Amino acid sequence: MNLADTEIVQGVLNSTGYKFTNDISQADVVLVNTCAIREHAEERIYGRLGEFRHQKKQNPNLVVGVLGCMAERLRKQLIEEEKVVDLIVGPDEYRRVPELIENAFVGEKGIAVRLSKTETYDDIIPYREDGISAWISVMRGCDKFCTFCVVPFTRGRERSRPLESIIDEVRLLSERGFKEVNLLGQNVNSYQEGSFDFADLLYAVSKVDKNMRVRFTTSHPQDLSDKLIQTIAENDNICNYIHLPVQSGSNRILQLMNRTYTIEHFLNLVGEVRRILWTRKQIPGVSFSTDIISGFPTETEEDHQMTLEVMKEVRFDGAFMFKYSARENTKAWGMSDDVSEEVKSKRLSEIIDLQQKISYEINQTLIGKTFEILIEDLSKKSTDFYMGRTDTNKIVIVPKGELQIGDYCLVKIDRANSATLFASDGIKIEK
Ligand code: 5AD
Ligand code: SF4
């Protein structure tokens, strides 16, 4: 989400005549886009501001700006406490970044943190380097008010971007040679623009270029409709991968979290998606990832065991796992954060260990099987290898051979660990 937002800010700046550098010593302005979801995310930003302070000593004219959710949350406080900061811009005021930079050049500090009911940046062309995969923000904000979550406060109310403007952007990306789009929203299933819902959007995007993969995130278990599942099933380039945060395996905790579904509903939903996508698609099977929070207020050992049980039952392909972090303004802030740090850590490591074991076991069953992958980049570890992904979002490492970034190819898996599959060669597919 922040990558997509950064590209929007860069789009705004680019059209005002600014150029970008990755070398901070060359920069007149440095902007940091921030997350406020957990305390840890904010702590990292304080570390970065320390670096900028050092840089400002060498270049006193350097303008420093903090953008995004942490800016929205802390507002004036951030400028008062962190003297290095010249401008503060929340997620709905990115159009004002150039104006605030101009003011900062003449020594005026600026704050723009109004939230909007309508801003979707639909007319801004995000600034993107050429590449294979692009993020497109299709809706902004969140109305769910999960009791632990600061997002409804920092990103405001839900609003959807016009379908036509999304399709135009996908078309441009296809012409530029992109091979994959990721449709983004805090809760993409709530997309609604006129009479179009998220399934309609997904369908329209998938028709732009059949050689382009379409992914989306994040889905809320309450809003993943039958129509959406059918749309995934009937369109081969919509990927068989769903990120579906469960958060906890205990109905009592889910209720306290205001997640608005029960574990029984969640399990049924996963079963239904698996049943439909198994029979309907050329590529059978679907993979799931999830988010899990350990140590929500009042969570008992029994609640925690229920989370482990659900993980064993669903067998997610992957998970993002977090310790509960109390956030000001949220409803859970008012509940006492009564699970000790030690217990939170212990539960989290049990959750991580179990997920690693499950991911490893699932990946072992893929050895000997053949998959189509899209080559996305060089491998991080060696320039002799490429990194690609299966439709189900598994990372595959394959020797370069005659392949090129952006190729689709067939690979037979001969080795796997919990995070990565390995193949010894890839055969290019002409599409
Ligand atoms: N503490 C821990 N994890 C959180 N998340 C959101 N808010 C918090 C919090 N206060 C997690 C949820 C969500 C993911 C994006 O971040 O699991 O799905
Ligand atoms: Fe936060 Fe819940 Fe909205 Fe996700 S659905 S952004 S967890 S409030």
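Which side chains meet in a salt bridge at 2.8 Å, N to O? They are those of Lys394 and Asp317, where a salt bridge stands for a side-chain nitrogen of Lys or Arg within 4 Å of a carboxyl oxygen of Asp or Glu.

Before walking further, a word on the ground rules. This is a predicted model, in which local features need pLDDT of at least 70 and side-chain atom pairs count only at pLDDT 80 or more, while totals for chains, interfaces and linings use all residues. Residues are numbered from 1 along each chain as its sequence is written, chains are lettered from A and ligands numbered from 1 in the order in which they are written, and side-chain values use heavy atoms, with hydrogens and water left out.

Now let us take the overall layout. The protein chain is assigned domain 1 (2–112), domain 2 (133–364) and domain 3 (370–429); such bounds come from an automatic or database domain assignment. Taken over C-alpha atoms, the centres of domain 2 and domain 3 are 25 Å apart.

Next, look at where these two domains touch. Here 22 residues of domain 2 are in contact with 18 residues of domain 3, contact being heavy atoms within 4.5 Å. Together the two domains bury about 1,500 Å², with 45% of it on carbon and sulfur atoms; buried area is the accessible area (1.4 Å probe) that two parts lose on being put together, summed over both. On the domain 2 side, Lys179, Arg213 and Asn363 supply 41% of the area buried against domain 3, more than any other three residues. The rule finds 1 salt bridge across this interface.

Finally, turn to the ligands. Around ligand 1 you will find residues including Ile37, Phe148, Gln247, Phe322 and Tyr324, where being near means having a heavy atom within 4 Å. A polar side-chain atom of Arg38 lies 2.9 Å from an oxygen atom of ligand 1, and a side-chain N or O atom of Asp291 is 2.6 Å from an oxygen atom of ligand 1. Ser325 uses its backbone instead, with an N or O atom 2.7 Å from a nitrogen atom of the ligand.

The shell of ligand 2 includes Cys142, Cys146, Cys149, His220 and Arg259. That shell divides into 7 nonpolar, 2 polar and 2 charged residues, with Ala, Val, Leu, Ile, Met, Phe, Trp, Tyr, Cys and Pro counted as nonpolar, Asp, Glu, Lys and Arg as charged, and the others, Gly among them, as polar.

Technical notes. A polar contact is a pair of N or O atoms within 3.5 Å; within protein, one must be able to donate a hydrogen and the other to accept it, and residues adjacent in sequence count only if both atoms are side-chain atoms.
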